[in-house]
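The sequence and the model are shown first.

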Amino acid sequence: DAAAAAAASAARTGHNKYRRDKPWDHDGIDHWKLDAFTEEDSKSGPFLEESSFATLFPQYREKYIREAWPIVKAKLEGVHVAGELNLIEGSITVRTTRKTFDPYVIFKAKDVIKLLARGVPVQQAVKVLKDEVFCDIIKIGGMVRNKERFVKRRNRLIGPNGSTLKAIELLCDCYVLVQGNTVSAMGNHKNLKLVRRIVEDCMNNVHPIYNIKALMIKRELAKDETLSKENWDRFLPKFKKKNAPKKKAPTIKKKEYTPFPPLPPMSKKDKAIESGEYFLSDRERKLKTRDERAVAAAAQKALRTADRAKAYAPPPESDPAAAPKTRTTAASEDSAADLAGRVAKKARESARARERGEGAGKGVEA
């Protein structure tokens, strides 16, 4: 009954109207697996036309390419592709032959010579001929306009002693080489996308360590089967931008529009006429100049005299009555008052004793 109800509901909705069972497709099939292309798969025979690609290499790579060319040529002949090294023009050419059966291998050979020209060692470059290995050459030269800033961000991608680049290679399972204005990467398509994102973020002023931390967390989460099909956003770190606030540009007030042009600056002659000096005779002008100098000299003399008098001025005297009494001063004053009282008391007592003695002597004489 449940199956009949499900079939009836499906018939009503029409979603599964044209769905049929596919015995050749099941969950055990890896759809991302690349099957090797053998000579039996090529049923059309040799190619009708010859395909060729050529690339130039810099002069400093000439010595290395000339020494490594026998290895490259042997690897290309293994996939039935012909290679030609032209040291006069500084170019490498690859072309198909009558024995070539794989139509895509010529593109792989083109990637090999491009990587050799970009500074990749021959042992790494020839791995691109495998079906599961691809390459991506990222151009970073035009991402940053300032040359000094570009060099700093490129060094940030490499890291101290190449540590950052090594971490990217281990996490992305790719070979990465930074050379000049390009970054060469080798690996599968999924990992090449990660490398490109890290490189572009680094050139856009996002430090690679942030992406490296996220990749490390994702690798640990992938090991847990319970979290493999869940959203990982709650586990990934969220970094805030810490850009310094930019200085506000000073506001420029617009001048009011006037149809009349500004007045020309006054000349020395105009200023002399305005002050009346222009109409003075030579003798009066000399007298006026002498008087002005005398006034300025008198002012300077008064200033110098005041500065010299400061050295002989007495320091300001402090008012003892206004100064607050400290504890020691009050105690000393109390002790002095007591001492004065005791001295006065003894003086009075001695005077009284003297008077008594004199009175007694007079009585005896009488």
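Is N161 buried or exposed? The model discussed here is predicted. In it, N161 is exposed, with a relative accessible area of 86%; the cut-off for this term is over 50%. The residue is placed in the loop between α5 (147–158) and α6 (163–172).

Most residues other than glycine have a negative phi. N161 has a positive phi, near 55°. H80 likewise is a residue other than glycine with a positive phi, near 65°. H80 belongs to the loop between α2 (62–78) and β2 (81–86). With a relative accessible area of 26%, H80 is partly exposed, because that term covers values between 20% and 50%. The table sets out the values for the two residues.

| Residue | Phi | Relative accessible area |
|---|---|---|
| H80 | near 65° | 26% |
| N161 | near 55° | 86% |

**A sheet and a helix across it**

Three strands form an open sheet in the order β4-β6-β5, and their pairing is antiparallel. At its edges are β4 (134–139) and β5 (175–179), each of which pairs on one side only. From one strand to the next, the twist averages 15°.

Strand β6 (residues 182–187) is joined to β5 by five bridges, and the two run antiparallel. V176 has A185 in β6 as its bridge partner.

Helix α3 (residues 105–117) lies across β4 and β6. The helix runs at about 45° to β4.

Notes:
Residues numbered from 1 in each chain as written. Predicted model: local features only at pLDDT ≥ 70, side-chain atom pairs only at ≥ 80, totals over all residues. Heavy atoms only, no water. Helix = DSSP H or I, 4+ residues; strand = E, 2+ residues; numbered from the N terminus. Buried < 20%, exposed > 50% of the residue type's maximum accessible area, 1.4 Å probe, protein only. Pairing = 2+ DSSP bridges. Axes fitted to C-alpha atoms, helices over the stretch in contact; angles between N-to-C directions. Contact = heavy atoms within 4.5 Å.
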